[in-house]
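Please keep the sequence and the model in view while reading.

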Amino acid sequence: MKQAVVYILASKPYGTLYIGVTSSLAERIEAHRNGCVDGFTKQYGVHNLVFFEVHADMYEAIQREKRLKKWNPAWKIRLIEEMNPEWRDLSEQAF
């Protein structure tokens with residue numbers, strides 16, 4: 001099922017963060033974990049899904065992703081902890 005989703009991956013609690021957007025969260029998470037996505041997440045081992053939000057359309061999701069990437073780290077941590085205070089891996093919810 002295609003849904004516009006903004007997601008945040010973390011290497012560990014309070015570790016390195018990656019913000020992305022996709023239309024298929026389960027497939028994208030699997031690709032990150034299997035090392036199929038070259039670049040930042042593969043290089044820094046950023047594979048734990050700690051935050052995601054579904055949007056009405058891809059344009060809206062992309063705009064949100066761009067805004068989140070400009071946030072300072074403390075704001076990103078607060079956003080994650082509002083949804084996921086224990087920094088659990090939420091991947092099962094994506095499948």
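**Briefing on the chain**

Tyr14 lies in the loop between strand E1 (4–10) and strand E2 (17–22); helices (H or I, at least four residues) and strands (E, at least two) are DSSP runs, numbered from the N terminus. The model is predicted, and local features need pLDDT of at least 70, side-chain atom pairs count only at pLDDT 80 or more, while totals for chains, interfaces and linings use all residues. Residues are numbered from 1 along each chain as its sequence is written, and side-chain values use heavy atoms, with hydrogens and water left out.

**Overall form**

- The secondary structure of the chain comprises five helices and three strands, and from the N terminus on the elements run β-β-α-α-β-α-α-α.
- The chain has a radius of gyration of 12 Å, close to the 12 Å that the globule rule gives for 95 residues, so it is as compact as a globular protein of that length. The radius is taken over C-alpha atoms, and the globule rule is 2.2 Å times the number of residues to the power 0.38.
- Taken along the principal axes, the C-alpha atoms fill a box of roughly 30 × 25 × 25 Å.
- Of the 95 residues, 39% count as buried. Buried means under 20% relative accessible area, exposed over 50%, and partly exposed in between (1.4 Å probe, protein chains only).
- Among contacts (heavy atoms within 4.5 Å) between residues at least 6 apart in sequence, 61% join residues at least 24 apart.

**Nonpolar cores**

- The largest nonpolar core has 13 residues, and those with the most contacts inside it are Val6, Ile8, Val50 and Ile80. E1, E2, E3, helix H3 (58–70) and H4 each supply at least two residues of this core, and E1 gives the most, with four residues.
- Apart from this core lies another, of ten residues, among them Ile29, Val46, Phe52 and Leu90.
- A nonpolar core is a set of buried Ala, Val, Leu, Ile, Met, Phe, Trp, Tyr and Cys residues joined through side-chain atoms within 4.5 Å.

**Strands E1 and E3**

- E1 and E3 pair in the antiparallel sense over seven bridges; two strands pair if DSSP finds at least two bridges between them.
- Ile8 has Phe51 as its bridge partner in E3. Leaving aside neighbours within four places in sequence, Ile8 is in contact with residues including Leu17, Ile19, Val50, Leu79 and Ile80.
- E3 is mostly covered, with six of its eight residues buried.
- Ala4 belongs to strand E1 and counts as buried at 8% relative accessibility. Beyond neighbours within four places in sequence, the contacts of Ala4 are Thr22, Glu53, Val54, His55, Asp57, Met58 and Ala61.
- The C-alpha atoms of Ala4 and Thr16 are separated by 23 Å, with the two residues twelve apart along the chain.

- In helix H1 (residues 25–33), Leu25, Ala26, Ile29, Ala31 and His32 are buried. What covers these buried residues includes E1, E2, H2, E3 and H5.
- Ser24 lies in the loop between E2 and H1 and is buried, with a relative accessible area of 12%. Not counting residues up to four places away in sequence, Ser24 touches Lys2 and Gln3.
- Gly35 follows H1 and has a positive phi, near 75°.

**Loop residues**

- Tyr14 is exposed, with a relative accessible area of 53%. The phi of Tyr14 is near 65°, a positive value in a residue other than glycine.
- Trp87 is found in the loop between helix H4 (73–83) and helix H5 (91–94), and its phi, near 55°, is likewise a positive value in a residue other than glycine. At 8% relative accessibility, Trp87 counts as buried.
- Gly45 occupies the loop between helix H2 (40–44) and strand E3 (48–55) and is partly exposed, with a relative accessible area of 31%. The C-alpha atoms of Gly45 and Leu9, 36 residues apart along the chain, are separated by 9.7 Å.
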